[in-house]
Amino acid sequence: MNKIILIFTAVMVFSGCSALSGPFTGYGIAWHKDSKITLVYLGARDCHFCNQWEENELQKFLLSKEIKQIEFLKIERNTFRRNLQPDDFPDDFKWLYESVKMDNSTPTFAVLVDKTIVLKIAGSDNWDKKIIPLLTNLIEKKSAKRD
């Protein structure tokens with residue numbers, strides 16, 4: 001049994017998911033009326049996949065109903081060849097760089113509820129498969145908590 005818990009914890013840590021316990025299984029979130037859902041996008045101006053995502057998916061997302069219910073933070077470097085630095089993050093998000101192994105993959109997305117990292121994942125191919133469904137689910141859970 002301990003081996004299973006250890007394996008689960010390792011999978012959660014390496015996948016970038018929070019392994020904390022909380023009222024909603026799998027997210028480790030302690031919701032409150034002012035909980036904030038944030039999508040952090042890490043990109044680079046010379047990243048082909050970032051540019052493609054921004055031209056297509058980001059434009060659609062900026063017009064979506066989901067964008068009105070979350071905070072969106074775009075962190076963009078001039079080149080993906082330069083290592084990500086704490087100074088790339090706004091002051092109120094420096095904790096994100098310091099608390100999670102932020103690699104240089106672009107694009108990378110992090111979904112947060114307050115200061116709980118729900119998902120950190122690289123690759124624009126994960127946008128429709130993982131990011132949008134997760135945001136939709138979190139928005140629904142937050143709305144249900146308010147009711």
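Okay, let's start with helix α2: at 1.5 Å a residue, its 15 residues should span 21 Å, and the end C-alpha atoms sit 20 Å apart, so that agrees. The expected span here is 1.5 Å times one less than the number of residues. Helices are DSSP runs of H or I with at least four residues, strands are runs of E with at least two, and both are numbered from the N terminus.

Before I go on, this is a predicted model, where local features need pLDDT of at least 70, side-chain atom pairs count only at pLDDT 80 or more, and totals for chains, interfaces and linings use all residues. Residues are numbered from 1 along each chain as its sequence is written, and side-chain values use heavy atoms, with hydrogens and water left out.

Back to α2. There's a kink of about 40° in α2, centred on Glu 54; the bend at a residue is the angle between axes fitted to the seven residues ending there and the seven starting there. Glu 54 is also one of the buried residues of α2, along with Cys 50, Trp 53, Glu 57, Leu 58 and Phe 61. Buried means under 20% relative accessible area, exposed over 50%, partly exposed in between, with a 1.4 Å probe and protein chains only.

And what does α2 lie across? Helix α2, residues 48–62, lies across β1, β2 and β3, at about 150° to β1. Contact means heavy atoms within 4.5 Å. Axes are lines fitted to C-alpha atoms, for helices over the stretch in contact, and angles run from 0 to 180 degrees between N-to-C directions.

Now the sheet. We have an open sheet of 4 strands, in the order β2-β1-β3-β4, with mixed pairing. At the edges are β2 (71–77) and β4 (116–122), each pairing on one side only. Two strands pair if DSSP finds at least two bridges between them.

Look at β3: 6 of its 6 residues are buried, so it is largely enclosed by the rest of the structure. Thr 108, Ala 110 and Leu 112 point one way, and Phe 109, Val 111 and Val 113 the other. On to its partners: β1 and β3 run antiparallel, joined by 6 bridges, with Leu 42 partnering Thr 108 and Tyr 41 partnering Phe 109. β3 and β4 are antiparallel too, again with 6 bridges, and they form a hairpin with 2 residues between them, where Asp 114 has a positive phi of about 55°.

Last, confidence. Mean pLDDT, the predictor's per-residue confidence from 0 to 100, is 80 for the protein chain, and 78% of its residues reach 70 or more. Over residues 1–26 the pLDDT is below 50.
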